[in-house]
Amino acid sequence: MSDEALLTALQESGDDAGIHVIYRKYREPCVRFLLGRVIPPEETNRHELAVELFTESLIILVENVRSGRLTVLTARLDTYLNAVARNLYRKMKRRKREICWEPDELPEPLVEPVSEAEAEEIRREVHQKMRELGPRCRQLLAYFYFLHLDWATIAELLGYKNAASAKTNKSKCMVRLRALYGVSPPTKSK
Amino acid sequence: MILPADLPDDWAAEIEAYYAGELSPESERDLRDRLNGDPALAAAAAQHEALYRRGLQPERPTLVERERLRESLRSLERELPPVAVKANEPPRRMRLWLAIAASLLLPVLLWLFLARPDPNAGLMADHFFWLPRQDALLGPDEERDGRTLYDVRDYEAAYPSLRDSVAAGSLDSVNLLYAGVAAIGSGHPAEAREMLTNLLDTGRYPLEEDAIRYYLALAELMLGQDTAAEAQLRAMTGQDPELSVRADRLLQKLREGEGES
């Protein structure tokens with residue numbers, strides 16, 4: 001089954017069958033990639049860690065496909081899985097603590113947060129508005145915020161010249177997203 | 001009443017930087033002070049913050065589903081045989097290759113030693129390794145070409161095949177990396193240097209930059225350009241932990257060599 005067909009199966013099926021197909025297909029090459037290129041030989045339990053990183057990268061990919069944030073593949077499916085897994089490993093090393101696959105803790109709010117109901121409404125609206133962004137912006141934001149890819153990987157996947165260029169474009173996409181959901185018009189403070 | 005839309009762009013950019021972890025403590029304090037001093041803008045900022053705190057976060061039911069899926073995949077994993085770590089993966093592969101290389105090269109090295117050998121030959125033998133190709137091992141239906149020759153380490157045949165396929169446009173230019181490795185492995189450092197330098201100059205493969213520089217360093221060493229080799233190793237970004245360890249060891253060896261000479 002091709003990667004495109006697998007992506008379609010994931011989008012259209014709510015069960016785990018398609019996910020298991022991908023798991024079986026890419027488990028071995030991804031684990032080999034991680035053992036060969038990412039996890040250094042000194043790491044303890046590196047084989048178990050590689051399997052866990054692959055599992056988590058697949059879960060992240062599935063979530064993004066099913067939520068509609070990732071609709072088009074610009075590279076092979078294993079390229080995404082390898083890149084997400086590699087980034088998860090880097091993040092784990094940066095945290096210098098036990099493995100934690102849940103989202104990063106957010107920093108303290110700058111001001112009194114909006115109500116829970118309003119926040120949920122904003123979340124729903126943002127997810128809706130992301131679909132109205134052009135495909136390139138949607139991919140860029142999804143890769144950064146939901147797949148948690150680093151800038152070098154995003155630049156490579158989306159064909160930007162370098163990481164800095166990808167980052168600059170992300171800021172432009174955020175301006176468009178904010179405009180779409182009505183937070184900020186193009187004004188400048190004095 | 002001030003609407004969320006009244007939040008100025010540069011304030012929004014500061015909030016974006018804050019959530020990206022890129023705002024200095026001083027700038028953060030300044031931003032907080034400004035927001036505290038303007039309740040209307042603070043209200044607009046609260047809505048803007050919600051974009052980062054909720055809008056760009058997975059929805060809560062996802063976390064429950066994530067745990068369920070994790071369990072489902074762990075169950076599947078228990079049913080599958082362990083991923084075979086074949087001899088062509090670095091730790092075991094390196095040991096195997098070093099053992100084979102040592103047994104095969106021992107007479108040659110002895111001869112070279114007696115004939116005042118190139119001091120970098122030993123470094124090369126110790127630091128050259130087969131770079132796993134990212135798309136390798138994907139199954140029997142893979143097209144047989146320079147890539148598969150590379151995968152089975154037929155360097156002498158792989159290097160011109162990969163080079164020519166890239167030149168003809170039938171393979172992506174990233175394969176120049178493997179062509180370079182194969183060229184080094186088959187004793188063609190000048191060709192390796194040219195291909196790897198061209199690849200590096202494209203700037204298209206930031207993820208492979210460390211690998212390109214590492215093998216460029218090996219090619220420079222083979223050509224007796226120790227200073228250029230050191231420069232490549234020092235320019236590595238450190239994004240690949242395994243290559244960083246290898247580069248550090250090679251740099252250490254080069255420094256020891258300098259000390260001795």
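Residues are numbered from 1 along each chain as its sequence is written, while chains are lettered from A and ligands numbered from 1 in the order in which they are written. Because the model is predicted, local features need pLDDT of at least 70 and side-chain atom pairs count only at pLDDT 80 or more, whereas totals for chains, interfaces and linings use all residues.

Confidence comes first. The pLDDT (the predictor's confidence in each residue, from 0 to 100) averages 80 over chain A, with 88% of the residues scoring at least 70. Residues 184–190 of chain A stay under 50, and the model has 18 contacts beyond four places in sequence for them. Where pLDDT is low, the predicted coordinates should not be read in detail.

The interface joins 56 residues of chain A to 55 residues of chain B by contact, two residues being in contact if their C-beta atoms, placed from the backbone, lie within 7 Å. Helices here are DSSP runs of H or I of at least four residues, and strands are runs of E of at least two, numbered from the N terminus. On the side of chain A that touches chain B, two or more residues each come from α2 (17–38), α3 (46–66), α5 (116–130), α7 (151–158) and α8 (163–180). The largest share, 12 residues, is given by α2(A). By class, this side of chain A holds 31 nonpolar, 12 polar and 13 charged residues; Ala, Val, Leu, Ile, Met, Phe, Trp, Tyr, Cys and Pro count as nonpolar, Asp, Glu, Lys and Arg as charged, and the others, Gly among them, as polar.

Within chain A, α3(A) has 21 residues and reaches 30 Å from its first C-alpha to its last, close to the 30 Å expected at 1.5 Å a residue (the expected span is 1.5 Å times one less than the number of residues). Since 16 of these 21 residues are buried, α3(A) is largely enclosed by the rest of the structure. A residue is buried if 20 or more other C-beta atoms lie within 10 Å of its own, exposed if 12 or fewer, and partly exposed in between, with C-beta atoms placed from the backbone. Just after α3(A), A:Gly68 has a positive phi of about 85°.

Also in chain A, α7(A) packs against α8(A) at an angle of about 85°, their axes lying 8 Å apart; axes are lines fitted to C-alpha atoms, for helices over the stretch in contact, and angles run from 0 to 180 degrees between N-to-C directions. The two helices are therefore roughly perpendicular, a label for angles of 65 to 115 degrees, with under 35 being roughly parallel, over 145 roughly antiparallel and the rest oblique. Residues making the contact include A:Trp151 and A:Leu158 of α7(A) and A:Lys167 of α8(A).

Chain B has 13 helices and 0 strands, and 36% of its 261 residues count as buried. Among the buried residues of α10(B) are B:Pro189, B:Arg193 and B:Leu200, and the buried residues pack against α8 (155–168), α9 (175–185) and α11 (209–222) of chain B. B:Asn198, also in α10, is partly exposed, with 13 other C-beta atoms within 10 Å. Just after α10(B), B:Gly203 takes a positive phi of about 70°.
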